[in-house]
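Okay, everyone, thanks for coming. Let me put the model up on the screen, and then we'll walk through it together.

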Amino acid sequence: VNNRLRLLRAERRWSQAELADRLGVSRQTVNAIETGKYDPSLPLAFAMARLFEQPIETIFDPGSEDGSGRDATVGGDGTR
Amino acid sequence: LSRFSDKLFPVVGLAVLSAVLTVAVAWVDRAVELPGAVHVALTALPLVPLAAMFFGIARWIEALDELQRLIHLEAFVFQFSATGLLVMGYGTLARAGLLPDLPVSRVFPGLWLAVFVFWALGLALVRRKYR
């Protein structure tokens with residue numbers, strides 16, 4: 001699962017620690033999600049959607065079934 | 001230290017208290033001849049903070065976030081496997097006569113230490129994976 005968490009966080013000028021505080025998780029958890037090493041549970045993903053006031057599918061992208069899905073951190077025009 | 005450390009401090013305190021009581025009880029046991037019931041109660045005294053420590057560990061795990069719980073689960077799997085391999089490995093080599101056959105009372109303290117060492121090692125290894 002790809003995500004736009006780093007981008008959304010940067011837009012709000014929040015540090016990883018600040019985002020972690022707002023979500024009630026550790027900074028390591030935020031970092032692991034941003035780097036794609038860990039996929040959050042549905043409740044945590046919904047908490048992120050509520051925090052960023054965006055639909056969950058605009059933050060998370062499951063990618064294609066062969067695992068070569070587009071990078072959700074890349075915009076539709078190919079820019080990050 | 002992480003945001004979840006406040007629940008861990010009482011656990012460490014209880015572990016230290018249990019260790020201190022174990023040493024103190026052993027010292028009293030050697031120094032004074034106590035009647036049977038008092039002797040049993042005194043010997044079991046370090047188990048009280050130890051039981052509270054395990055309750056504290058459960059509370060601490062409950063307070064962790066989902067990734068931290070996964071990290072600890074993987075660390076516990078490492079610890080369980082490593083301790084099992086150590087015990088079975090030593091037992092096999094002892095039966096083959098390659099290592100001394102230790103009495104159980106001498107094995108338990110070392111085994112207890114191994115559990116914590118393997119848990120800490122597992123934690124360090126698993127944390128690297130999610131860094």
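Who does the touching on chain B? Helix H4 (66–95) and H5 of chain B are the elements that give two or more residues to the side touching chain A, and H4(B) has the largest share, five residues. Helices, by the way, are DSSP runs of H or I, at least four residues, numbered from the N terminus.

In residue terms, 12 residues of chain B are in contact with 14 residues of chain A, where contact means heavy atoms within 4.5 Å. How many salt bridges are there between chain B and chain A? The count is zero, with a salt bridge being a side-chain nitrogen of Lys or Arg within 4 Å of a carboxyl oxygen of Asp or Glu. Polar contacts do turn up: seven residue pairs between chain B and chain A, both residues at pLDDT 80 or more. That's a pair of N or O atoms within 3.5 Å; within protein, one must be able to donate a hydrogen and the other to accept it, and residues adjacent in sequence count only if both atoms are side-chain atoms.

Now the housekeeping. This is a predicted model, so local features need pLDDT of at least 70 and side-chain atom pairs count only at pLDDT 80 or more, while totals for chains, interfaces and linings use all residues. Residues are numbered from 1 along each chain as its sequence is written, chains are lettered from A and ligands numbered from 1 in the order in which they are written, and side-chain values use heavy atoms, leaving out hydrogens and water.

pLDDT is the predictor's confidence in each residue, from 0 to 100. Chain A averages 84, and 79% of its residues score at least 70. Residues 68–80 of chain A stay under 50, and the model has 17 contacts for them beyond four places in sequence. Where pLDDT is low, the predicted coordinates should not be read in detail.

A:Arg6, A:Arg9 and A:Glu34 are linked in a network of them. A:Arg9 and A:Glu34 have their closest N and O atoms 2.5 Å apart; A:Arg9 lies in helix H1 and A:Glu34 in helix H3 of chain A, so the pair ties together parts 25 residues apart in sequence. A:Glu34 also meets A:Arg6 at 3.6 Å, N to O. Buried means under 20% relative accessible area, exposed over 50%, partly exposed in between (1.4 Å probe, protein chains only). A:Glu34 is buried at 9%, whereas A:Arg6 is partly exposed at 41%.

Last stop, the aromatics in chain B. B:Phe54, B:Trp112 and B:Phe116 form one cluster. Rings of Phe, Tyr and Trp (its six-membered ring) pair if their centres lie within 6.5 Å; planes under 30 degrees apart count as stacked, over 60 as edge-to-face and the rest as tilted. Over all chains, that gives five aromatic pairs. In B:Phe54 and B:Trp112 the centres are 6.0 Å apart and the planes at 70 degrees, so that pair is edge-to-face.
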